[in-house]
Amino acid sequence: MYGCNRYLCEVFDEMRKTTETLNFAMLLSLIEEAQTMANRMEAALGDQKDFESLKKRIREKKDELKKLEEKIERKAKKK
């Protein structure tokens, strides 16, 4: 029962059922499905880490820009 809105735990539950029923016909496809889901989760975690890093860099650059603007403003007042 493969679907888009499925959780990894559901796949693991189906894997457990194969051992209860001793019907291992679907086991390889369930393993592949679990691997695909886990890979997507890892990729999403990486994306979140990248996003946080970018937010930090943006904050730093905004601070740097503000300091430069203040410096230009001070020089303009001296003239």
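Colleague: Which helix is Lys71 found in?

Modeller: Lys71 is found in helix α2. Helices are DSSP runs of H or I with at least four residues, strands are runs of E with at least two, and numbering starts at the N terminus. This is a predicted model, in which local features need pLDDT of at least 70 and side-chain atom pairs count only at pLDDT 80 or more, while totals for chains, interfaces and linings use all residues. Residues are numbered from 1 along each chain as its sequence is written, and side-chain values use heavy atoms, leaving out hydrogens and water.

Colleague: Why is Lys71 called partly exposed?

Modeller: The relative accessible area of Lys71 is 43%. Buried means under 20%, exposed means over 50%, and partly exposed is in between (1.4 Å probe, protein chains only), so Lys71 falls in the middle class. From Lys71 to Phe12, 59 residues apart in sequence, the C-alpha distance is 60 Å.

Colleague: What makes the protein chain more spread out than a compact globule?

Modeller: The protein chain has two helices and zero strands. Its radius of gyration is 26 Å, well over the 12 Å that the globule rule gives for 79 residues, so the chain is more spread out than a compact globule. The radius is taken over C-alpha atoms, and the rule is 2.2 Å times the number of residues to the power 0.38. Along the principal axes, the C-alpha atoms fill a box of roughly 85 × 15 × 15 Å. Arg6 and Lys67, 61 residues apart along the chain, have C-alpha atoms separated by 50 Å.

Colleague: How much of the protein chain is buried?

Modeller: Buried residues are 11% of the 79 residues. Arg6, in the segment before α1, has 10% relative accessibility and therefore counts as buried. Thr18 lies in helix α1 and is buried because its relative accessible area is 7%.

Colleague: What is Thr18 in contact with, leaving aside its neighbours within four places in sequence?

Modeller: Thr18 is in contact (heavy atoms within 4.5 Å) with Asn23, Phe24, Leu27 and Leu30.

Colleague: Which residues make up the largest nonpolar core?

Modeller: That core has six residues: Leu8, Val11, Met15, Leu30, Ala34 and Met37. Helices α1 (8–21) and α2 (27–78) each supply at least two of its residues. A nonpolar core is a set of buried Ala, Val, Leu, Ile, Met, Phe, Trp, Tyr and Cys residues joined through side-chain atoms within 4.5 Å. Setting aside neighbours within four places in sequence, Met37 is in contact with Arg6, Tyr7, Leu8 and Val11.

Colleague: Why is Leu22 called exposed?

Modeller: Leu22 has 63% relative accessibility, which is why it counts as exposed. Leu22 sits in the loop between α1 and α2.

Colleague: What is the phi of Leu22?

Modeller: Leu22 is not a glycine, yet its phi is positive, about 60°. Most residues other than glycine have a negative phi.
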